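Welcome, and thanks for taking a look at this one with me. Have the sequence and the model open side by side while you read.

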Amino acid sequence: MSDLSSLTIAEARDGLRAGSFTATELTAACLARIEAADALGAFVHKTPEIALEQAAAADARIQGGAENPMCGVPIGIKDLFCTQGVPSQAASRILEGFRPEYESTVTTRLWQAGAVMLGKLNMDEFAMGSSTETSVYGNAVNPWRRKDDATPLTPGGSSGGSAAAVAADLCLAATGTDTGGSIRQPAALTGITGLKPTYGRCSRWGIVAFASSLDQAGPMTKTVRDAAIMLGVMAGFDPKDSTSADRAVPDFEAALTGDIRGKTIGIPREYRIDGTPAEIEKLWNDGAAMLRDAGAKIVDISLPHTKYALPAYYVIAPAEASSNLARYDGVRFGHRAKLAQGDGITEMYEKTRAEGFGAEVQRRIMIGTYVLSAGFYDAYYNRARRVRTLIKRDFDLAFEAGVDAILTPATPSAAFGLGEMADADPVQMYLNDVFTVTVNLAGLPGVSVPAGLDAQGLPLGLQLIGRPWEEADLLNIAHSLETAAAFTARPTDWWI
């Protein structure tokens with residue numbers, strides 16, 4: 001039964017309903033694989049007792065004729081999601097010991113559907129990073145390696161633990177969050193599918209906030225079909241989240257016909273950036289050819305304000321983070337610094353935050369506080385907000401002109417080595433988000449699909465950007481691309 005962990009959600013659903021195996025057997029196979037994979041640093045809080053209890057309940061539901069496709073499916077949960085009674089630290093020392101008395105809306109929906117929680121997954125601290133190297137738990141490691149090279153590679157970030165766990169078959173799927181590419185970038189670097197839904201499609205309630213106008217939860221899965229199945233459970237209106245959209249949730253899986261004849265796919269010229277590796281350019285061109293062969297019309301489009309997206313993002317996101325993270329002060333929950341005699345509340349705040357926040361989080365809090373300060377609010381923050389409006393208008397005009405989806409690379413490179421960027425200018429790390437941040441600034445859905453390997457045998461992904469609220473159509477186009485690319489490569493189990 002050890003190969004059960006390699007199943008997709010769709011395959012597990014069919015096998016469970018047919019009685020080929022039980023949810024308990026499927027869960028046990030995943031738990032055994034997790035125990036042998038500590039070298040990957042993916043799971044940071046394991047919950048085998050909860051998993052087996054939920055699996056037994058799922059078996060009873062399935063015997064009673066339960067129809068939900070997620071029933072009995074073992075998944076991992078990014079440490080940003082609050083899970084009742086289970087440590088939820090956002091990979092930060094400042095939330096050490098925090099066990100919520102409540103459950104996030106997204107995970108509540110998953111448990112109500114019968115999904116099984118295997119544990120919490122590693123991530124960049126407070127989701128601030130592109131390599132899962134800022135975590136208090138230590139690095140997550142990509143299950144992929146370069147040919148004849150044992151150098152440990154990043155799984156991307158901030159949802160790096162989720163990506164590594166799914167790619168290594170430790171779980172059948174995982175939750176992620178995407179603020180500037182944190183689902184799509186790690187998905188591309190690990191050869192899996194990552195979907196960032198339209199802003200407001202999934203509730204943010206109970207998810208530790210980074211940048212509230214940008215954050216969005218989404219599924220990280222082995223296939224596009226699995227992403228469609230899992231999104232159908234995660235999505236929906238939540239009155240506890242003022243940014244949650246009161247819109248019907250369609251049957252995303254039913255939309256996967258694979259027929260994209262007559263669809264128009266835009267290729268934005270501004271995404272052709274100097275210095276992009278030839279392998280990424282070839283993959284992009286090949287992806288366009290695959291969609292053309294499937295019956296889509298390929299057109300060049302312009303998104304003229306793209307060049308301002310990265311600087312606008314790195315003003316808006318830290319500004320919102322500096323506000324959101326002000327609540328972590330050592331008073332109500334989490335870490336509190338030891339105080340010297342005579343220290344007052346100001347010293348407690350200063351020492352607690354200095355000890356509790358890592359270097360990258362401190363950097364972004366300082367940037368955010370600076371751009372929101374009285375003398376610079378208009379020069380930076382308000383200007384960035386105006387740029388954001390122009391970026392969204394670029395996409396609106398493209399869609400109004402008849403474009404159904406936009407095809408771009410997902411990342412500017414394949415996975416890089418852990419520590420390779422540690423001493424570099426932080427801006428070099430931020431450039432990993434160059435193809436993804438526009439989607440968050442505009443609130444659009446985007447999906448990363450594995451489409452090929454580089455010369456070193458590492459996975460590369462392509463990104464499709466869709467119309468707002470049109471995830472069903474976007475997933476169908478992604479399904480067509482996935483079918484044409486026929487990506488079946490898997491990492492070797494070097495960690496076992």
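Below are a few numbered points, going from the whole chain down to single residues.

1. Please keep in mind that this is a predicted model.

2. Let's begin with overall dimensions. A compact globule of 496 residues would have a radius of gyration near 23 Å, and the 21 Å of this protein agrees with that. Along the principal axes, the C-alpha atoms fill a box of roughly 70 × 55 × 50 Å.

3. Of the 496 residues, 61% are buried. The accessible surface comes to about 18300 Å², and carbon and sulfur atoms account for 51% of that area.

4. How do contacts relate to the sequence? Counting contacts between residues at least 6 apart in sequence, 77% join residues at least 24 apart.

5. A word on charge: the protein carries 45 positive and 58 negative charges. Their mean positions lie 4 Å apart.

6. Now find strand β6, residues 216–221. Is this strand enclosed or open? Six of its six residues are buried, so β6 is largely enclosed by the rest of the structure.

7. With strand β4 (residues 173–178), β6 pairs in the antiparallel sense over six bridges, and Thr 177 stands opposite Ala 217 of β6. Strand β5 (residues 193–196) also runs antiparallel to β6, joined by two bridges; here Gly 194 has Met 220 in β6 as its bridge partner. As background, side chains in a regular strand alternate between the two faces of the sheet.

8. Then move to Pro 239, in the loop between α7 (224–234) and β7 (264–268). Is Pro 239 buried or exposed? Its relative accessible area is 68%, and exposed means over 50%, so Pro 239 counts as exposed. From Ile 183, Pro 239 is 56 residues away in sequence and 25 Å away in space, C-alpha to C-alpha.

9. Finally, look at Thr 276, in the loop between β7 and α8 (278–293). Thr 276 has a relative accessibility of 18%; because buried means under 20%, Thr 276 counts as buried. Which residues does Thr 276 touch, leaving aside neighbours within four places in sequence? Its contacts are Glu 281 and Phe 435. Thr 276 and Thr 411 are 135 residues apart in sequence, with their C-alpha atoms 9.6 Å apart in space.

Conventions:
Residues are numbered from 1 along each chain as its sequence is written. This is a predicted model: local features need pLDDT of at least 70, side-chain atom pairs count only at pLDDT 80 or more; totals for chains, interfaces and linings use all residues. Side-chain values use heavy atoms; hydrogens and water are left out. The radius of gyration is taken over C-alpha atoms; the globule rule is 2.2 Å times the number of residues to the power 0.38. Buried means under 20% relative accessible area, exposed over 50%, partly exposed in between (1.4 Å probe, protein chains only). Contact means heavy atoms within 4.5 Å. Accessible areas come from the Shrake-Rupley method with a 1.4 Å probe; for residues, only the protein chains shown count as cover. Lys and Arg count as positive and Asp and Glu as negative; His and the chain ends are not counted. The place of a charge is taken as NZ of Lys, CZ of Arg, CG of Asp or CD of Glu. Helices (H or I, at least four residues) and strands (E, at least two) are DSSP runs, numbered from the N terminus. Two strands pair if DSSP finds at least two bridges between them.
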